[in-house]
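This report describes how parts of one protein chain pack together. Please look over the sequence and the model before reading on.

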Amino acid sequence: MSTGPVRYLVVPTVDAARGARSARFGEKTLLWVPAEQRLGRASRTAPGLLLVTQVGGSFQAEYPDVTPLLDHGRYLVISSADRPRRRSNHCWRIEHLKPGTTVVDVPRLTPARTDATVADLVSQVDLPSYQTDLTWLAGLPTRHSLSATFTQAMDYADHKLVALGYQTARTQITVGAGHSANLIADRAGTGTNRELVIITAHLDSINLAGGPAANAPGADDNGSGSAGVLELARLLATRSWQHDTRLILFGGEEEGLFGSKQYVAALPPADRARVRAVLNMDMIGTKNTATPTVLLEGAPVSQAQLTTLATAAATYTGLTVETSLNPFASDHVPFIDAGIPAVLTIEGGDSANHHIHSANDTLNFIDWSLTADILRMNTAALAGWLEPVVRSRPRPAGSVVASAPGRIDVFAVGMDSALHHQAFDGTWKDVESLGGVVLS
Ligand SMILES: [Zn+2]
């Protein structure tokens, strides 16, 4: 491989020089000298810089002799001298690296004030219940979209969601020449003018090298997100919410987002217009970075939702948060393409995860504490979007206290709207002993 005569420099972001061509990747910034400045007009043929967005290490696995100039998790920078003939497939894509872009941001966030209702719900993220679901799903030989065991996995999730009080439905989807399914589970909110909050993950798995019949446990990709949907479903079912909750487990993701594309295409305009947020989980189980890190990937249309998630992480978890507005290769993309605010939550540095899409994507590589923190972040953000129904405690509508030597009268209008009267012969202590407050 050759990197060509591209001159570049990777510097800490704070030191980025003004006026230089630059692109930010979290704590690092890539600076480069424009080719025309160095080589004159003839430089049109000089190699430029290309941005690769990849799932797992899929691009590097296919092109092991291309050495990236910069490797930042899901994103690589390569020289156009190394450009492969293909521009994209389901797992990676190549585009020109535009100067002045922030490919990955590390937002500086101050935690919000802790909300007691949210904190209580967040504290109930239950690792054993999540582990049970993920272990069951990863125990199937495969969840290939066209396999009988995919249907078995869908049956498992369906029964769980029905038992939790959700109304479920399956829609058939096409995956190439074959058929698979999406599972949709609804629970209505109790507010007026209800909007819709959608939580998604793809249930299918794949073994790219081995084919449809090969072993594909898909523990991280995406048993981790599917079990996440079930755990969030369990938590959210313990409360009443103002808005409607919809959970979706997609099929056909690994073959090219078939399930989510067909779902969004069929979503009625009235439903599209009332979506508050789509939260997608795809690979939330492997720790690839020194500190537990989550990548929030959205688009300008989902900037507000992305900020809500980042603030939730800062308030309720110890996660390091990276953000990107460069959506790719998971079920949030069809929603974003339709102008619906969607965000992907995914383990940081996912390109370092070389186990996915193979028989090696097993429970051995799941980091339960990272997963639990991502679920806590997601729970807090969802509580904000769904808005808890707060039942106010009954209070008397008003009261009057009259006193005379040796006598106290309390008149109160109760919740029943009737006037209640109680007389005391003793002292103010009697009022206090009944829970009253004496103001003097
Ligand atoms: Zn996936």
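The largest nonpolar core holds 104 residues, and Val52, Val229, Leu249, Leu309, Met377 and Leu382 touch the most other members. Helix α11 (residues 368–386) gives this core its largest share, ten residues. At least three residues come from each of domain 1 (8–103) and domain 2 (116–386). A nonpolar core is a set of buried Ala, Val, Leu, Ile, Met, Phe, Trp, Tyr and Cys residues joined through C-beta atoms within 7 Å. Buried residues have 20 or more other C-beta atoms within 10 Å of their own, with C-beta atoms placed from the backbone. Helices are DSSP runs (H or I, at least four residues), as are strands (E, at least two), numbered from the N terminus. Domain bounds come from an automatic or database domain assignment.

This is a predicted model: local features need pLDDT of at least 70, side-chain atom pairs count only at pLDDT 80 or more, and totals for chains, interfaces and linings use all residues. Residues are numbered from 1 along each chain as its sequence is written.

Beyond its neighbours within four places in sequence, Leu382 is in contact (C-beta atoms, placed from the backbone, within 7 Å) with Val197, Leu232, Leu236 and Leu279.

Helix α7 (residues 258–266) is largely enclosed by the rest of the structure, because seven of its nine residues are buried. Among the elements that cover its buried residues are these:

| Element | Residues |
|---|---|
| β9 | 167–175 |
| β10 | 178–187 |
| β11 | 196–202 |
| β12 | 244–250 |
| α10 | 332–337 |

In the contact between α9 and α11, Thr308, Leu309, Ala312, Ala313, Thr315 and Tyr316 of α9 meet Arg376, Met377, Ala380, Ala381 and Gly384 of α11.

Notes. Buried ≥ 20, exposed ≤ 12 C-beta atoms within 10 Å, placed from the backbone. Contact = placed C-beta atoms within 7 Å.
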